[in-house]
Amino acid sequence: MSASIALPAAATLARPRARRRAGNLLPWLLLSPLLLLLAAFTYWPLLHTIYLSVVDVRLFQPDRFVGLDNFTGLFRSPSFAAASWNTVIYIALSLPLKVLLPIPIAVFVWCAGARMASLHRSILFVPTLLSFVVVSIVWIWMLNPVMGMVQSGLRPLGLQMPALLSDAATAIHAIIGISAWKVIGFNALLYLAGLASIPRELIESMRLDGASDWRITRSLLLPLLSPTIYFVAITSVLFTVQQVFTPINIMTGGGPSNATTNLFYLAYEMAFESFNIGFASATALLLFVGLGALAALKAWLLGRRVHYA
Amino acid sequence: MTVTPITTLGRRAALGASLSTLALPALAQSRTEISFWHYQTANTQALREVLAGFHEAHPEVRVTDVPKDVGTIATEVQAAALARRPPDVGQMLARLTVGLVRNAGAVPLDSGEDRGAFLNNVLPRFREVGIVDGRPFAVPHSFGTPLLYWNKAIFAAAGLDPERAPANWDEVVAMGVQIRERTGRFALFISQGGRDVSQQQMMVNAGATMLSPDLTRATFATPGAIAAMQLWQDMAVTHRIHSTLSEREQNTLWLGGQIGMFVGSVASFQGFLRDTAGRFEFGVAHYPLWKDLPRRVPNSGSALMVFSQNAPRRAAAFKLLAYLMRPEVTSRWSWTSGYLPLAPNPLADASLREYLEREPRWRIPVAQMADTVITARWPGNRVVEIQIVLENMVQALMQGTGPASTLVPRAEAEVTRIIAESR
């Protein structure tokens with residue numbers, strides 16, 4: 001009898017606990033496909049890259065631990081020095097073009113109002129839709145100093161188009177300009193989305209108080225747009241290094257004289273053209289650490305100035 | 001029950017069909033399948049015709065050809081070897097053979113049943129490129145040599161004889177200056193495709209040797225090579241006859257009929273025939289001589305290597321190589337693909353003689369086979385870095401950032417350092 005009483009009591013206690021346990025597992029179950037993918041394609045390759053950067057991979061032989069030899073060898077390479085410096089240049093010169101320039105464009109489109117808004121947005125978005133390989137090839141033709149479209153426009157004026165892509169002093173700037181052109185429209189659309197959340201009544205009330213356009217921009221629009229600026233700045237830093245890979249590969253091959261290579265392209269050359277896995281992994285790891293530090297620094301600097309409405 | 005002849009025939013046919021279906025798997029089982037990785041993407045059809053001939057001659061072997069990118073095929077082969085799944089036969093850039101022997105487990109070609117007898121079908125000076133530590137590990141296949149192509153219309157417009165090409169570099173400069181002054185066009189474009197090929201050709205033609213015999217250090221900074229590189233810089237900076245545009249831009253300009261002379265591989269010949277048709281007529285000349293030295297031009301192109309680690313497949317791979325090295329096959333491959341014929345006496349082949357009747361310009365590369373020397377085979381696993389050093393050396397010369405007397409020895413020291421540090 002006592003057993004018959006005890007059983008329902010245990011069952012009433014066990015059921016919510018089991019349900020609670022099942023409830024706790026459910027989120028993990030739902031997340032598991034994503035977690036598995038992340039583990040397989042992000043974290044495991046990252047860990048394996050760390051391993052590969054400190055070993056010498058040999059055919060038919062076990063990997064040999066070489067400590068920091070791959071890193072020291074890399075530091076002695078002139079290609080690495082050039083690629084590191086160029087990486088800094090790419091980031092530093094791209095930021096104003098990709099982060100700041102889209103702001104006035106977005107404000108202009110926003111002020112233009114709903115009329116033609118779709119057309120403006122479509123025009124802004126077109127470069128983003130184009131394949132970067134196609135864009136790179138088209139720009140090669142356009143910038144050709146003998147037969148290019150730009151030269152055709154300059155010729156009647158008696159001007160000569162400089163050989164931008166084969167001059168070590170200008171090639172990197174040409175690539176920065178083209179890669180910025182590709183994303184300016186997209187970033188402007190992000191700013192437009194940010195601007196759309198700003199109530200127009202606030203502007204009208206500032207106008208009634210006699211505020212100038214500059215005052216409205218500085219004191220209202222930019223502070224309320226700061227979360228979007230923060231997002232665009234972070235993503236631009238992170239994506240610039242890898243985004244310019246395509247134009248480097250298609251337009252200059254890293255030259256002339258290493259003038260356009262960067263760490264991302266160098267890692268590719270080491271890994272997939274030279275099969276120097278140790279150096280390539282060391283380069284990738286340094287790039288990962290460098291970009292991580294830069295992103296953290298920017299997050300810290302900009303995060304303090306971001307105003308969330 | 002009487003069996004009519006028709007029924008008997010039907011039963012026999014059915015029996016035959018059943019037997020044949022039984023036999024098909026048996027044939028498939030006895031057939032060895034091998035893979036052949038190559039980068040002949042522009043000549044895939046011609047290559048497949050050659051392979052069709054092989055399948056006819058050797059029904060017991062089935063070759064699956066896999067087109068790859070020329071820039072990454074060596075890496076892919078090494079990665080596949082590391083994963084224990086290498087291709088059975090790979091078409092590799094000849095200058096990478098030493099590294100591939102050490103890093104991809106290539107098999108000596110004289111380890112087959114016929115002890116590499118098919119190698120005798122290849123010109124001895126061509127065979128050198130595959131010898132590593134005294135044994136043959138690679139056999140030339142799509143082999144090139146540099147030539148001078150010229151645009152006859154631009155020559156005529158500049159007041160030059162459109163049928164006469166420059167024979168040496170001094171004439172290249174003189175004619176180039178005349179083209180620039182009379183037509184305002186670029187006179188010359190030395191193709192730098194392959195990164196380290198064109199400078200090597202110019203320096204070796206000027207008497208240099210790229211590597212020490214033991215492959216441990218670079219040796220190209222000789223007075224002759226420095227003078228040749230200085231001439232290259234002078235042509236770009238002082239005489240302004242050499243286009244300083246990027247490789248891709250220059251190719252476009254040459255095909256558009258905007259450049260007077262093009263120095264590049266014989267491998268471009270068939271493409272030029274197609275791409276310049278109806279636009280301009282081009283001539284083909286030997287690689288220009290340097291001063292009074294005999295012509296010495298490093299060959300470029302690829303060699304075939306065997307990576308099979310399985311005995312039956314390796315035997316099948318050797319059969320394929322033996323077929324591909326038959327003189328009649330190499331001759332046909334030559335004029336269909338645009339690469340050099342490989343046989344010691346290529347003119348013994350009737351099909352090649354017929355082609356020369358139709359296309360006399362092809363006599364130039366065939367004759368230049370006698371002037372070729374082995375290309376530098378960079379050792380170790382840092383070949384691309386060596387190539388970048390040599391590429392940057394030329395680009396620095398073209399940008400005028402320093403004289404050849406500074407840039408060439410600096411590049412030599414850098415290449416030696418990389419070789420010493422690589423494995």
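Visitor: Which side chain does B:D196 meet in a salt bridge?

Guide: In this predicted model, the rule finds one salt bridge across the interface of domain 1 and domain 2 of chain B. A salt bridge requires a side-chain nitrogen of Lys or Arg within 4 Å of a carboxyl oxygen of Asp or Glu, and here the N to O distance is 3.2 Å. The partner of B:D196 is B:R95.

Visitor: How much area do domain 1 of chain B and domain 2 of chain B bury between them?

Guide: The contact joins 21 residues of domain 1 of chain B to 24 residues of domain 2 of chain B, while the domain centres, taken over C-alpha atoms, are separated by 28 Å. Of the area buried between the two domains, 59% lies on carbon and sulfur atoms, and the total is about 1700 Å². On the side of domain 1 of chain B, the residues that lose the most area, together 38% of what that side buries, are B:R95, B:R361 and B:Q368.

Visitor: Which helix supplies the largest share of the side of domain 1 of chain B that touches domain 2 of chain B?

Guide: Across this interface the rule also finds seven residue pairs in polar contact. On the side of domain 1 of chain B, at least two residues each come from α4 (97-103), α13 (327-337) and α15 (363-368) of chain B. The largest share, four residues, comes from α15(B).

Terms used:
Residues are numbered from 1 along each chain as its sequence is written. Chains are lettered from A and ligands numbered from 1 in the order in which they are written. This is a predicted model: local features need pLDDT of at least 70, side-chain atom pairs count only at pLDDT 80 or more; totals for chains, interfaces and linings use all residues. Side-chain values use heavy atoms; hydrogens and water are left out. Domain bounds come from an automatic or database domain assignment. Contact means heavy atoms within 4.5 Å. Buried area is the accessible area (1.4 Å probe) that two parts lose on being put together, summed over both. A polar contact is a pair of N or O atoms within 3.5 Å; within protein, one must be able to donate a hydrogen and the other to accept it, and residues adjacent in sequence count only if both atoms are side-chain atoms.
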